Amino acid sequence: MMLGDVMYINRLRDIREDKDLKQQDLAKLLKVHQTTYSDYELGRLNVPVSVLHTLADFYGVSVDYLLGRTIISKPYPKS
């Protein structure tokens, strides 16, 4: 696991907790088991791009923010 990986794993957990959501809430949104979502947060499974898009739209942030590539949470304008 690389430093960037740790950042996005922490970001996934932090943003979820900031919204007072449980892993089960996100698992339901993503139509996966809670254990699968937990594995995303723990870095045991790579998060599919489609899941990143869904989470970014749900939280109103950019995928780059979720991945820890920027500290600016504002999503990009849709084209």
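**Chat about a predicted model**

Student: Let's start with Leu55. Which residues does Leu55 touch, leaving out those up to four places away in sequence?

Tutor: Leu55 touches Leu12, Leu26, Leu30, Tyr37 and Leu66. Contact here means heavy atoms within 4.5 Å.

Student: And what sort of model is this?

Tutor: It's a predicted model, in which local features need pLDDT of at least 70 and side-chain atom pairs count only at pLDDT 80 or more, while totals for chains, interfaces and linings use all residues. Residues are numbered from 1 along each chain as its sequence is written, and side-chain values use heavy atoms, with hydrogens and water left out.

Student: OK, back to Leu55. Which residues touch the most other members of the largest nonpolar core?

Tutor: Leu55 is one of them, together with Tyr37, Tyr59, Val61 and Leu66, in a core of 16 residues. Helices α1, α2 (23–30), α3, α4 and α5 (63–66) each supply at least two residues of this core, and α4 has the largest share, with 5 residues. A nonpolar core is a set of buried Ala, Val, Leu, Ile, Met, Phe, Trp, Tyr and Cys residues joined through side-chain atoms within 4.5 Å.

Student: What does buried mean, in numbers?

Tutor: Buried is under 20% relative accessible area, exposed is over 50%, and partly exposed is in between, using a 1.4 Å probe and protein chains only. Buried residues make up 32% of the 79 residues in the protein chain. In soluble globular proteins, nonpolar side chains tend to be buried together.

Student: Switching to charges. How many salt bridges are there?

Tutor: The count is 5, where a salt bridge is a side-chain nitrogen of Lys or Arg within 4 Å of a carboxyl oxygen of Asp or Glu. In one of these, the side chains of Arg16 and Glu41 meet at 2.6 Å, N to O. That pair links distant parts of the chain, with Arg16 in helix α1 (residues 3–18) and Glu41 in helix α3 (residues 34–42), 25 residues apart.

Student: Are Arg16 and Glu41 buried or exposed?

Tutor: Arg16 counts as buried at 8% relative accessibility, and Glu41 counts as buried too, at 6%.

Student: What about Asp64? Which residue does Asp64 meet in a salt bridge?

Tutor: Asp64 pairs with Arg69, at 3.4 Å from N to O. Asp64 is partly exposed at 22% relative accessibility, whereas Arg69 is exposed at 66%. As for networks, salt bridges that share partners join Arg16, Glu17 and Glu41 into one.

Student: Now pockets. What is the volume of the largest pocket?

Tutor: About 200 Å³. The search uses a 1 Å grid over the protein atoms alone: a pocket is an open set of points where a 1.4 Å probe fits, with protein on both sides within 12 Å along at least five of seven lines, and lining residues have an atom within 4 Å of a point. Points are joined across faces, edges and corners, and the volume is the space filled by probe spheres set on them.

Student: Which helix gives the most to the lining of the largest pocket?

Tutor: Helix α4 (residues 49–59), with 3 residues. The lining includes His53, Tyr76 and Lys78. By class, the lining has 6 nonpolar, 3 polar and 2 charged residues. Ala, Val, Leu, Ile, Met, Phe, Trp, Tyr, Cys and Pro count as nonpolar, Asp, Glu, Lys and Arg as charged, and the others, Gly among them, as polar.

Student: Last topic, backbone angles. What is the phi of Asp20?

Tutor: It is near 55 degrees, a positive value in a residue other than glycine. Asp20 lies in the loop between α1 and α2 and is exposed, with a relative accessible area of 70%. Lys31 also has a positive phi, of about 60 degrees; Lys31 sits in the loop between α2 and α3 and is exposed at 75%. Most residues other than glycine have a negative phi.

Technical notes: Helix = DSSP H or I, 4+ residues; strand = E, 2+ residues; numbered from the N terminus.
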